[in-house]
Amino acid sequence: MFQTPHWYQTAVFYELYVRAFQDSDGDGQGDLQGMIQRLDYLADLGVDCIWLLPTFPSPLVDDGYDIADYYGVHPDYGSIADFKALIAAAHARGLRVIADLVLNHTSDQHPWFQASRRRQEPYTDYYVWSDTDQKYADARIIFVDTESSNWTWDEVRGQYFWHRFYSQQPDLNFDNPAVQEEMFKVARYWMDMGLDGFRADAVPYLFEREGTNCENLPETHAFLKRLRAMMDAEYPDAILLCEANQWPEDVRPYFGGDPTDASVPGDEFHMGFHFPLMPRLYMALKRGDRSPVADIMARTPAIPPNSQWATFLRNHDELTLEMVTEAERQWMWEQYAPDPRMRLNLGIRRRLAPLLDNDRSRIELLNSLLFTLPGSPIIYYGDEIGMGDNIALPDRNGLRTPMQWDAGFNAGFSTASELYAPIVADRTYGYQRVNVADQLSNPTSLLLLIQQFITTYKTQPALALGDIRFLHHPDRAMLVFERIYRRERILCLHNLSDRGIAIHAPASHDLLADVDWSEGVMTLPPYDYRWLKVL
Ligand code: GLC
C-alpha cells in the first residue's frame with residue numbers, strides 16, 4: 001500500500017536570506033526585486049522550494065526575527081507588491097516559497113507590545129507579564145551569551161515580561177485566545193497571497209507552565225494542531241515546517257498522529273527539522289567513526305506517512321550544539337571552533353566550507369550524506385558554491401554575507417559603494433575565487449556537482465521516500481546503508497576516513513558516475529562515497 005507522495009516529501013529546499021541575495025536598487029541591501037532577478041539560478045539549480053528568512057518590518061535586533069508588523073515588508077526589502085511579484089515569479093518557474101512565521105514573540109517595537117505595556121485594551125494580556133522574575137525558573141536561557149534571565153523589567157508597565165530570546169523579543173501570551181486568533185489571521189494573510197507555507201520559528205516555547213521547562217507542552221501541541229487543521233481545510237497544499245531544536249523523540253509529537261503508530265497520518269507539522277543529526281555528521285566525519293550517525297538514526301522514531309524530516313548541514317544560525325552531551329560539545333568546539341570568536345551561545349558560527357577546511361572531498365561527503373539520509377535536504381544559500389564566513393562580524397552576521405555571483409564589482413551583488421556587510425574577500429573564500437559564474441562554467445565545480453546531486457535525487461524516489469537500513473562493515477569509518485522503496489534499493493557508501501577502505505558491493509548501477517558495477521570488492525578512496533542502485 002503506497003500513497004502518492006506529497007510535494008514536500010520529495011522536495012529540495014533552499015534557505016535564502018533576501019538581504020544577501022541580490023540588490024536591485026543600489027542601496028547595498030538585497031531585496032525582493034533582486035531576488036526575482038536571480039530566480040532562474042535557483043530554478044536551474046533544481047531546488048523545489050525556497051525558504052525565506054523574515055522579511056517583515058523590524059528594528060532588526062534579531063535580523064527580522066523581531067517582528068514589528070506581521071502584515072508588511074521591511075522597506076529594505078521592498079513592498080507587499082514586490083512580495084506578490086516574487087511569489088508569482090517563483091510559481092511561474094515551478095518554485096514554491098515558504099517563509100518564516102514567528103509565533104512565539106514579537107519585537108518590543110510592535111504596537112501590540114507598546115499598547116500592552118500601557119495596559120491598553122485589548123492588548124493588556126497579549127504578553128506574559130509578572131510581578132516577580134522568579135516564575136518558570138526551570139526554563140533554560142537560550143541566548144546565553146547575551147541574556148542572564150528570561151524576564152526583563154518594564155518601567156512603563158511596572159512588571160516583568162517573559163522572553164525566551166533577546167530581551168527586545170517579548171513572548172506572546174498564547175493562553176490568550178485573542179493572540180491565537182491573531183496568528184491564524186497572520187497565517188491566512190500570507191497564504192491568501194500565495195505563500196506555500198511556513199517555517200514555524202521556535203515553536204516549543206509557545207506556552208509556559210510552572211514546574212516544567214516550558215518546552216513542548218500539551219497546550220503548545222493543541223494550538224499547533226488547530227493551526228494545521230485550519231491549513232488542511234483552507235490551504236491544503238501549504239505546509240508547516242517545525243523548528244524544534246529537540247531530541248528526535250521530542251520532535252516526533254510535532255508531526256502529530258499517533259506517536260506509537262506511524263501508520264496514522266500526522267495532524268500537526270508536515271515537516272520537522274532533524275536537529276540532532278546535524279552535529280553528528282560533523283562528529284562522525286572528524287572521528288572517522290559512523291556511530292554518532294547510526295546511533296541517532298536508530299534513536300529516530302518512525303514518522304507518519306504524510307510527514308517528512310528536513311535535514312541540513314548549516315543554516316543562518318550558529319551550528320547548534322544543544323543536542324549533544326557536554327563532553328561532546330567541548331570536543332566539537334575544540335575541533336571545529338578553535339578560535340573563541342568562532343563560538344556563539346551553545347554553538348559554532350561558521351559556514352560549511354570553512355568548517356571542513358575548504359577540503360573538497362569532505363564537503364562533497366557531507367553533501368552526499370545530506371542527499372542520501374532520510375529527510376528533505378535544505379541547502380543554505382552560498383554553501384552550494386562553498387562560500388566562506390567572516391568571524392569579525394558580530395552575532396550570526398558572519399554567516400550572512402552577500403552572495404558571491406561573479407568576480408566583478410561587489411561580486412555582482414550590488415552596485416552600491418557601501419554594502420550592509422562586507423563581501424568575503426579573503427584569499428581562500430573571496431569572491432574572486434569562489435563565485436557562481438566561475439563554477440557554472442567549470443564542469444568539475446562544487447556547484448555543478450550539487451546540481452547533479454539534486455537531479456539524481458529527483459529521479460530516485462528511494463532517496464526521498466525509502467526506508468533506511470544500516471549494514472555492518474568491520475571498519476567503523478565505513479558508513480553503509482540502504483534506502484529501500486517498493487522494489488528499489490539504493491546502497492549508499494560513505495568512507496569517513498582518510499584511508500581507502502575495501503567493501504564488497506553487489507551488482508549495481510553507480511548513479512553518480514552513471515556506470516555499472518559488477519559484483520565484487522571495490523576500494524573506496526578517502527572520504528569518497530557511492531550511490532549504488534542495486535540491480
Ligand atoms: C530561531 C531562528 C533564530 C532566531 C530565533 C528567535 O531559532 O532560527 O535565527 O534568532 O529563532 O526568533
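Trainee: Which residues are around the ligand?

Mentor: This is a predicted model. A residue counts as near a molecule if one of its heavy atoms lies within 4 Å of it. Here the residues around the ligand are Asp62, Tyr65, His105, Phe143, Phe165, Gln169, Arg199, Asp201, Glu243, His316, Asp317 and Arg396.

Trainee: How many nonpolar, polar and charged residues does the shell around the ligand have?

Mentor: Sorted by class, the shell holds 3 nonpolar, 3 polar and 6 charged residues.

Trainee: Which side chains have a polar atom lying 2.9 Å or 2.8 Å from an oxygen atom of the ligand?

Mentor: A polar contact is a pair of N or O atoms within 3.5 Å. For Arg199, a polar side-chain atom is 2.9 Å from a ligand oxygen. For Asp201, the distance from a polar side-chain atom to a ligand oxygen is 2.8 Å. The side chain of Arg396 has an N or O atom 2.9 Å from an oxygen of the ligand. On its own the ligand has 310 Å² of accessible area, and the protein covers 96% of this.

Trainee: Where does the ligand sit?

Mentor: It sits in the largest cavity.

Trainee: What does the domain assignment of the chain give?

Mentor: The assignment gives domain 1 (7-103 + 177-457) and domain 2 (467-534). Their C-alpha centres are 29 Å apart. Domain 1 brings 24 residues to the contact, and domain 2 brings 21 residues.

How values were computed: Residues are numbered from 1 along each chain as its sequence is written. This is a predicted model: local features need pLDDT of at least 70, side-chain atom pairs count only at pLDDT 80 or more; totals for chains, interfaces and linings use all residues. Side-chain values use heavy atoms; hydrogens and water are left out. A polar contact is a pair of N or O atoms within 3.5 Å; within protein, one must be able to donate a hydrogen and the other to accept it, and residues adjacent in sequence count only if both atoms are side-chain atoms. Accessible areas come from the Shrake-Rupley method with a 1.4 Å probe; for residues, only the protein chains shown count as cover. On a 1 Å grid over the protein atoms alone, a cavity is a set of points where a 1.4 Å probe fits but cannot get out, and a pocket is an open set with protein on both sides within 12 Å along at least five of seven lines; lining residues have an atom within 4 Å of a point. A molecule sits in a cavity or pocket if more than half of its atoms lie within 2 Å of its grid points. Ala, Val, Leu, Ile, Met, Phe, Trp, Tyr, Cys and Pro count as nonpolar, Asp, Glu, Lys and Arg as charged, and the others, Gly among them, as polar. Domain bounds come from an automatic or database domain assignment. Contact means heavy atoms within 4.5 Å.
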